[in-house]
Amino acid sequence: MCDERESRDVSDVSRRRAASVNVPSSRSSLDLMDTLAAWAQGLARTLLADALPRRWAHVQGVAARARGLAAAVGADADLLESAAWLHDIGYLPDLAETGLHGLDGARYLRDVEQADPMLCRLVAHHSCAVIEAEERGLAAVLRREFDLPPQLLADALTCCDMTTSPDGEHVHVHRRLAEIHDRYGLGHLVSRSIRRATPMILQAVGQVNTRPASTS
């Protein structure tokens with residue numbers, strides 16, 4: 001969720017092209033990395049550490065949670081951690097085009113970084129993003145550009161995000177939800193979205209917490 005008290009309307013969001021961001025325009029550096037997650041961590045650090053330090057703290061906590069779920073997701077552990085590192089890059093002002101941060105981040109990963117399609121889908125739809133997309137009138141756009149990811153991975157990423165505080169601490173999901181409402185105010189678009197998404201968020205966290213370790 002956004003660090004600012006009020007999120008910007010679509011008409012107020014910077015329309016600068018994503019390629020204007022001072023980061024590499026291709027994924028050639030990925031060839032030098034051991035894992036997709038290592039590349040994702042480096043990109044997230046480049047984009048967020050200086051520009052949005054509190055967002056960077058949150059992302060580090062979410063990635064740590066994702067690493068803790070490696071046994072549960074098996075072969076997709078690297079992909080899940082990568083999505084955790086990159087799920088909030090759409091908050092960067094240079095990437096913000098629609099105001100829906102999952103969509104903006106996924107577009108950057110797809111169009112500029114030529115990232116793995118499944119990674120883009122996870123970022124686009126993380127934490128029940130379609131609910132906020134509906135509130136913003138962007139649901140059709142989101143669904144058209146990015147298919148839903150597999151439920152197991154979507155639940156895992158939602159769990160990681162929704163049990164990590166803005167400062168990167170591991171917190172109970174109810175504390176996280178309460179913090180979001182307190183930060184935005186109950187009448188805010190983000191609060192309305194979270195209120196509508198709460199049953200799905202709680203279900204995702206519950207599913208992950210009761211899921212046995214993968215044998216793959």
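Helix H10 (residues 173-184) packs against helix H11 (residues 189-209). On the H10 side the residues in contact, meaning heavy atoms within 4.5 Å, are Val173, His174, Leu177, Ile180, His181 and Tyr184. They meet Val190, Ser191, Ile194, Arg195, Thr198, Ile201, Leu202 and Val205 of H11. By class, this contact holds 9 nonpolar, 4 polar and 1 charged residues; here Ala, Val, Leu, Ile, Met, Phe, Trp, Tyr, Cys and Pro count as nonpolar, Asp, Glu, Lys and Arg as charged, and the others, Gly among them, as polar. An α-helix has 3.6 residues a turn, so residues three or four places apart point the same way.

The axes of H10 and H11 come within 10 Å and cross at roughly 175 degrees. H10 is therefore roughly antiparallel to H11. Axes are lines fitted to C-alpha atoms, for helices over the stretch in contact, and angles run from 0 to 180 degrees between N-to-C directions. Angles under 35 degrees count as roughly parallel, over 145 as roughly antiparallel, 65 to 115 as roughly perpendicular and the rest as oblique.

This is a predicted model, in which local features need pLDDT of at least 70 and side-chain atom pairs count only at pLDDT 80 or more, while totals for chains, interfaces and linings use all residues. Residues are numbered from 1 along each chain as its sequence is written, and side-chain values use heavy atoms, with hydrogens and water left out.

Thr163 lies in the loop between helix H9 (151-161) and H10, and counts as buried at 4% relative accessibility. Leaving aside residues up to four places away in sequence, Thr163 touches Arg65, Glu169, His170, Val171, Val173 and Val205. Two of these, Val173 and Val205, also take part in the contact of H10 with H11. Arg65 is 98 residues from Thr163 in sequence, yet their C-alpha atoms are 8.4 Å apart in space.

The next pair is helix H2 (residues 53-68) and H4. Their axes come within 8 Å and cross at roughly 165 degrees, so H2 and H4 are roughly antiparallel to each other. The crossing is right-handed; a crossing is left-handed if the near helix is turned anticlockwise from the far one by less than a right angle, and right-handed if clockwise. Trp56, Val59, Gln60, Val62, Ala63, Ala66 and Arg67 of H2 meet Leu80, Glu81, Ala84 and Trp85 of H4. These residues divide into 8 nonpolar, 1 polar and 2 charged.

H4 (77-86) is also part of what covers the buried residues of H5, as are helix H1 (36-48), helix H6 (117-125) and helix H8 (139-145). H5 (residues 101-111) is mostly covered, with 9 of its 11 residues buried. Among them are His101, Asp104, Arg107 and Tyr108.

The axes of H5 and H6 come within 7 Å and cross at roughly 165 degrees, which makes H5 roughly antiparallel to H6. H5 passes H6 in a right-handed crossing. Gly102, Leu103, Gly105, Ala106, Leu109 and Arg110 of H5 and Cys120, Val123 and Ala124 of H6 form the contact, with 6 nonpolar, 2 polar and 1 charged residues.

Two loop residues deserve a look for their backbone angles. Gln114, in the loop between H5 and H6, has a positive phi of about 50 degrees although it is not a glycine. Gln114 counts as partly exposed, at 44% relative accessibility. Ser127, in the loop between H6 and helix H7 (129-136), has a positive phi of about 55 degrees and is not a glycine either. Ser127 is buried, with a relative accessible area of 8%.

Taken as a whole, the protein has 11 helices and 0 strands; helices (H or I, at least four residues) and strands (E, at least two) are DSSP runs, numbered from the N terminus. Of its 216 residues, 55% count as buried. Among contacts between residues at least 6 apart in sequence, 71% join residues at least 24 apart.

Key
Buried < 20%, exposed > 50% of the residue type's maximum accessible area, 1.4 Å probe, protein only.
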